[in-house]
Amino acid sequence: MKLFLATCVLLLGLGLSAHAQRIYVTENWGERDVTVYVTENWGEADLVVYVTQNWGESSGNDGTWYFTKNWGERDKAVYFTKNWGERDLAVYYTKNWGERGWRNTSKKHLFE
């Protein structure tokens, strides 16, 4: 019974974190999964991002990001560019959890 419960808890945990948006920032362009441009204009954003300090809050591909310093914990490695033309994705940061989300759903695949 204990083994069964432990297995259930493990599987539940894996299921909840399978699509977590744990972001690793790389300075090496060759290591990146996605090149991100940060805009201060909400209207230019493909994704409105809410940054959390608790990795457990970052679940699903919904624009909630947790930044990790550990390469092995990442779901995606992002390279931040200052050049609009190099971007795969433009993000706008919000302090309001309810504003997060995809504005351009055609780019959602970049974080799946």
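The structure is a predicted model, in which local features require pLDDT of at least 70 and side-chain atom pairs count only at pLDDT 80 or more, whereas totals for chains, interfaces and linings use all residues. Residues are numbered from 1 along each chain as its sequence is written, and side-chain values use heavy atoms, with hydrogens and water left out.

The protein chain contains 1 helix and 7 strands. Helices (H or I, at least four residues) and strands (E, at least two) are DSSP runs numbered from the N terminus. In sequence order, the elements form the pattern α-β-β-β-β-β-β-β. The chain has 112 residues, of which 35% count as buried; buried denotes under 20% relative accessible area, exposed over 50%, and partly exposed in between (1.4 Å probe, protein chains only). The accessible surface amounts to about 7,200 Å², and carbon and sulfur atoms contribute 53% of this area. Such areas come from the Shrake-Rupley method with a 1.4 Å probe; for residues, only the protein chains shown count as cover. Among contacts (heavy atoms within 4.5 Å) with a separation of 6 or more, 79% link residues 24 or more positions apart.

Strand pairing was examined next; two strands pair if DSSP finds at least two bridges between them. Strand β1 (residues 22–25) runs parallel to β4 (residues 64–68), to which it is joined by 3 bridges. Strand β1 is also joined by 3 bridges to β5 (residues 76–81), again in parallel. Ile23 stands opposite Phe67 in β4 and opposite Lys76 in β5. Strand β2 is connected to β5 through 4 bridges in a parallel arrangement, with Thr35 opposite Tyr79. A further 3 bridges connect β2 to β6, also in parallel, and here Val38 faces Val91. Because 4 of its 5 residues are buried, β2 is largely enclosed by the rest of the structure.

In soluble globular proteins, nonpolar side chains tend to be buried together. A nonpolar core is defined as a set of buried Ala, Val, Leu, Ile, Met, Phe, Trp, Tyr and Cys residues joined through side-chain atoms within 4.5 Å. The largest such core in this model has 12 residues, namely Ile23, Val34, Val36, Leu47, Val49, Trp65, Val78, Leu89, Val91, Trp102, Leu110 and Phe111. Strands β2, β3 (47–51) and β6 are the elements that give two or more residues to this core. Leu110, one of the core residues, is in contact with Val34, Lys76, Asp88 and Leu89 when neighbours within four places in sequence are left aside.

Two loop residues were also considered. Thr26 lies in the loop between β1 and β2 (34–38), and it counts as buried because its relative accessible area is 3%. The side chains of Thr26 and Glu31 are joined by a polar contact of 2.6 Å. A polar contact is a pair of N or O atoms within 3.5 Å; within protein, one must be able to donate a hydrogen and the other to accept it, and residues adjacent in sequence count only if both atoms are side-chain atoms. Beyond its neighbours within four places in sequence, Thr26 is in contact with Glu31, Arg32, Ala77, Val78 and Tyr79.

Trp84 is located in the loop between β5 and β6 (89–94). With a relative accessibility of 35%, Trp84 counts as partly exposed. Apart from neighbours within four places in sequence, its contacts are Tyr37, Glu44 and Ala90. The C-alpha atoms of Trp84 and Val36 are separated by 8.9 Å, although these residues are 48 residues apart along the chain.
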